[in-house]
Amino acid sequence: MPEEVLFKSESSQPRADIASYLRTVADRLESGDAITLKTGTDSISLNPPASPTFEVKAEREGPTDGPGELSVEFELEWDENAETEDGGSGPLEIE
């Protein structure tokens, strides 16, 4: 299935600022409010369903014999026309 990027923002930020963004997303999810992403003149509002699919990935990109780039990705995913999502690989723990 082809992917269309609806919004993108990437910048180096202090950990505290990133934590603040994540708290805002968490608060919106908990309250059931839409999540609005803005940068410059670009803006999009998304309203995740009550049970979207939550994907967490830790990745390393780069050569196998040298230093690379590490990342942690958090993704919410849902069908545009679906009310609920099923599936999963078991309970997630983050320590």
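A residue is called buried when its relative accessible area is under 20%, exposed when it is over 50%, and partly exposed in between (1.4 Å probe, protein chains only). At 37% relative accessibility, Arg-28 therefore counts as partly exposed. The structure is a predicted model, in which local features need pLDDT of at least 70 and side-chain atom pairs count only at pLDDT 80 or more, while totals for chains, interfaces and linings use all residues. Residues are numbered from 1 along each chain as its sequence is written, and side-chain values use heavy atoms, with hydrogens and water left out.

The protein chain contains 1 helix and 4 strands, where helices (H or I, at least four residues) and strands (E, at least two) are DSSP runs numbered from the N terminus. Along the sequence, these elements follow the pattern α-β-β-β-β. Of the 95 residues of the chain, 4% count as buried. Among contacts (heavy atoms within 4.5 Å) between residues at least 6 apart in sequence, 35% join residues at least 24 apart. The chain exposes about 8,700 Å², and carbon and sulfur atoms supply 48% of that area; accessible areas come from the Shrake-Rupley method with a 1.4 Å probe, and for residues only the protein chains shown count as cover.

Pro-49 lies between β2 (42-46) and β3, and its relative accessibility is 14%. From Pro-49 to Glu-77 the C-alpha distance is 9.4 Å, although the two are 28 residues apart in sequence.

The surface carries patches, which are made of residues with over 30% relative accessible area and no salt bridge; like charges are joined within 9 Å, and nonpolar side chains (Val, Leu, Ile, Met, Phe, Trp, Tyr) within 5 Å. A nonpolar patch is formed by Phe-54, Val-56, Val-72, Phe-74 and Leu-92, which together have about 460 Å² of accessible area. Strands β3 (53-61) and β4 (69-77) each supply at least two of the residues in this patch. Val-72 belongs to strand β4 and is exposed, with a relative accessible area of 54%.

Glu-75 is part of strand β4 and is partly exposed, at 32% relative accessible area.

Opposite charges also pair. A salt bridge is a side-chain nitrogen of Lys or Arg within 4 Å of a carboxyl oxygen of Asp or Glu, and by this rule there are 5 salt bridges. One of them joins Arg-28 to Asp-33, with an N to O distance of 3.9 Å; Asp-33 is partly exposed, at 38%.

Lys-57 is partly exposed at 33%, as are Glu-59 at 24% and Glu-73 at 32%.
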